[in-house]
Amino acid sequence: MTAVRVYNTIIGPISLTESDGFLVGVSFSRLPDEGPETTLLRDGERELHQWLAGDIDRFTIPWKEEGTVFMRSVWSEILKIGRGRVTTYGDIAKKIGKPTAARAVGGACHRNPLPLVIPCHRVLGASYSLTGFAAPIELKETLLRREGVLL
């Protein structure tokens with residue numbers, strides 16, 4: 001069973017998608033509601049608001065991501081970046097043993113199905129520039145400002 005709900009947040013509408021008891025999608029787009037509003041989606045909304053307020057740094061609801069082995073290695077490394085910290089695509093490429101794969105790391109970030117849960121907004125360009133984000137770059141900037149990375 002798949003269910004989708006849109007929640008209004010301090011940064012705009014965010015759609016959460018559940019499938020078979022797991023959060024499988026976070027979108028900064030207003031997707032059409034589908035299926036029942038489940039306990040997991042309500043818990044996801046609560047954690048979403050807590051995360052945006054800075055009260056929690058990690059989501060605890062059950063979630064899973066689907067992607068290639070490479071993508072999952074990138075996302076696993078991104079999960080190690082704490083609130084208020086950033087790194088670069090190149091640094092992640094080095095950490096996963098693929099030092100020339102910075103562009104591929106960017107591609108994995110772009111395909112991240114669970115932004116915020118897997119905080120890809122904390123990954124920046126080589127000169128710590130705000131590049132590459134599946135949503136408008138202004139949203140990446142807003143998220144980093146909320147985390148105290150940008151003044």
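Predicted model: local features only at pLDDT ≥ 70, side-chain atom pairs only at ≥ 80, totals over all residues.
**Figure 1. The hairpin of β2 and β3.** Strand β2 covers residues 12-19 and strand β3 covers residues 22-27; the two pair in the antiparallel sense over five bridges. Two residues lie between the strands of this hairpin, and D20 takes a positive phi near 50°. Across the pair, E18 stands opposite L23 of β3, while T17 stands opposite G25 of β3.

Figure 2. T17 is found in strand β2. Is T17 buried or exposed? With a relative accessible area of 14%, T17 falls under the 20% limit and is therefore buried. Leaving out residues up to four places away in sequence, T17 touches T2, A3, V4, F22, L23, V24, G25, L31 and L41. One of these contacts, G25, is also the residue that stands opposite T17 in β3.

**Figure 3. The largest nonpolar core.** This core has 37 residues, of which V74 and I78 touch the most other members. At least two residues each are supplied by β1 (2-9), β2, β3, α1 (39-53), α2 (69-78), α3 (89-95), α4 (102-110) and α5 (137-146). Which element gives the largest share of the core? That share comes from α1, with five residues.

**Figure 4. The contacts of I78.** Which residues is I78 in contact with, leaving aside its neighbours within four places in sequence? They are I92, C109, I118, P119, C120 and V123.

**Figure 5. The buried side of α4.** Residues V105, G107, A108 and C109 of α4 are buried.

**Figure 6. The close-ups placed in the whole chain.** The secondary structure comes to five helices and five strands, and from the N terminus on the elements run β-β-β-α-α-β-α-α-β-α. A compact globule of 151 residues would have a radius of gyration near 15 Å, and the chain agrees with this because its own value is 15 Å. Along the principal axes, the C-alpha atoms fill a box of roughly 45 × 35 × 25 Å. Of the 151 residues, 44% count as buried. The chain exposes about 7,600 Å², and carbon and sulfur atoms supply 53% of that area. Among contacts between residues at least 6 apart in sequence, 56% join residues at least 24 apart.

Notes. Residues numbered from 1 in each chain as written. Heavy atoms only, no water. Pairing = 2+ DSSP bridges. Helix = DSSP H or I, 4+ residues; strand = E, 2+ residues; numbered from the N terminus. Core = buried A, V, L, I, M, F, W, Y, C linked by side-chain atoms within 4.5 Å. Buried < 20%, exposed > 50% of the residue type's maximum accessible area, 1.4 Å probe, protein only. Contact = heavy atoms within 4.5 Å. Rg over C-alpha atoms; globule rule 2.2 N^0.38 Å. Areas by Shrake-Rupley, 256 points an atom, 1.4 Å probe, with all protein chains shown as cover.
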